[in-house]
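The sequence and the coordinates come before the text.

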Amino acid sequence: MIIAPSVLNANFLNLEADIKATEKGGANWIHLDIMDGNFVPNISFGPGIVQQIRKCTKLPLDCHLMIENPELHVEAFAKAGVQYITVHAEATKHLDRLLHQIKELGCKAGVSINPATPLESITEVLDLADLVLIMSVNPGFGGQSLIPYCLDKVSRLRAMKPDLQIEIDGGINLKTMPQAKAAGVNVFVIGSAIFGAEDVEAETKEFGKLLL
């Protein structure tokens, strides 16, 4: 069971302190939402910021590329020091090749699908992927509510692949996290519910209690 706070919702004028607070609160990974303004209607940050984040934490960096043509950019993020690189099945024409490319760069390879994308689009690469990220909101913005049918997708995926790392991103809070856990999620991306709290460290600890 892994808690991966998403720094998309952190205070970028106080980013190192926010990351350190989640570490003290028991976070396991740091989640990086990379947006290009094309695949999703928002822009976040790139490899340069990731390099700086790498310097301020020893936690694994979980890089979620919500970008077009990810095969052109995975090397830059690998060099920036991330451990996981997750790409969207919808964003590349050659998913098998791209997952192999990520592994050849020395990173764990993840694949993500949007809420309306069927599981069948990734069944052929499940044995190749180290992680599957189920989007439980339409990607592009923080603070959205979880789409309930995405939990059914998680349950079906868990039945298909019992030993798979299944991550969920979108609308995870203290109320929805137990539902996601029951569905079969073991990696929880949490953004505004942690970084929107007055005490980031204490709020991270509250999520950690739900993993017990």
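## Basis of the values

The model is predicted, so local features need pLDDT of at least 70 and side-chain atom pairs count only at pLDDT 80 or more, while totals for chains, interfaces and linings use all residues. Residues are numbered from 1 along each chain as its sequence is written, and side-chain values use heavy atoms, with hydrogens and water left out.

Helices (H or I, at least four residues) and strands (E, at least two) are DSSP runs, numbered from the N terminus. Buried means under 20% relative accessible area, exposed over 50%, and partly exposed in between (1.4 Å probe, protein chains only).

## The sheet

Eight strands form an open sheet with parallel pairing, in the order E1-E8-E7-E6-E5-E4-E3-E2. E1 and E2 are the edge strands, each pairing on one side only. From one strand to the next the twist averages 25°; axes here are lines fitted to C-alpha atoms, for helices over the stretch in contact, and angles run from 0 to 180 degrees between N-to-C directions. Two strands count as paired if DSSP finds at least two bridges between them. In general, strands of a sheet pair through backbone hydrogen bonds, either parallel or antiparallel.

E2 and E3 run parallel and are joined by 6 bridges, with Met66 in E3 as the bridge partner of Met35. Strand E4 (residues 84-88) pairs with E5 in the parallel sense over 5 bridges, and Tyr84 has Lys108 in E5 as its bridge partner. What is the burial of E2? In E2, 6 of its 6 residues are buried, and the strand is mostly covered. Ile30, Leu32 and Ile34 are buried on one side, and His31, Asp33 and Met35 are buried on the other.

## The largest pocket

The largest pocket holds about 260 Å³ of space. On a 1 Å grid over the protein atoms alone, a cavity is a set of points where a 1.4 Å probe fits but cannot get out, and a pocket is an open set with protein on both sides within 12 Å along at least five of seven lines; lining residues have an atom within 4 Å of a point. Grid points are joined across faces, edges and corners, and the volume is the space filled by probe spheres set on the points.

The lining of the largest pocket has 24 residues, and the closest to the pocket centre are Gly142, Gly143, Asp169, Gly170 and Gly171. The elements that give two or more residues to this lining are E2, strand E8 (187-190) and helix H7 (192-195).

## Salt bridges

The structure has 7 salt bridges, each defined by a side-chain nitrogen of Lys or Arg within 4 Å of a carboxyl oxygen of Asp or Glu. One of them joins Lys79 and Glu75 at 3.2 Å, N to O. Both residues lie in helix H3 (residues 74-80), 4 residues apart, which is about one turn of the helix. Lys79 is exposed at 64% relative accessible area, whereas Glu75 is partly exposed at 40%.

Lys103 and Asp130 form another, with the closest N and O atoms 2.9 Å apart. Lys103 is in helix H4 (residues 95-104) and Asp130 in the loop between strand E5 (108-113) and strand E6 (131-135), so this pair ties together parts 27 residues apart in sequence. Both are partly exposed, Lys103 at 31% and Asp130 at 23%. A salt bridge also links Asp127 and Lys161 (2.3 Å, N to O). Asp127 is in the loop between E5 and E6 and Lys161 in the loop between helix H5 (149-160) and strand E7 (165-169), so the pair ties together parts that are 34 residues apart in sequence. Asp127 is exposed, at 68% relative accessibility.

## Aromatic pairs

There are 2 aromatic pairs in the whole structure. Rings of Phe, Tyr and Trp (its six-membered ring) pair if their centres lie within 6.5 Å; planes under 30 degrees apart count as stacked, over 60 as edge-to-face and the rest as tilted. The ring centres of Phe12 and Phe45 are 5.7 Å apart and their planes are at 50°, so this pair is tilted. Phe12 is in the loop between strand E1 (2-5) and helix H1 (15-24), and Phe45 is in the loop between strand E2 (30-35) and helix H2 (47-56), 33 residues apart. Phe12 is partly exposed at 38% relative accessible area, whereas Phe45 is buried at 11%.

## Two single residues

Asn69, in the loop between strand E3 (61-66) and H3, has a positive phi near 50°. Most residues other than glycine have a negative phi. Asn69 is partly exposed, at 40% relative accessibility.

Thr204 is in helix H8 (residues 200-209) and is buried, with a relative accessible area of 0%. Thr204 and Asn186 are 18 residues apart in sequence and 16 Å apart in space, C-alpha to C-alpha.
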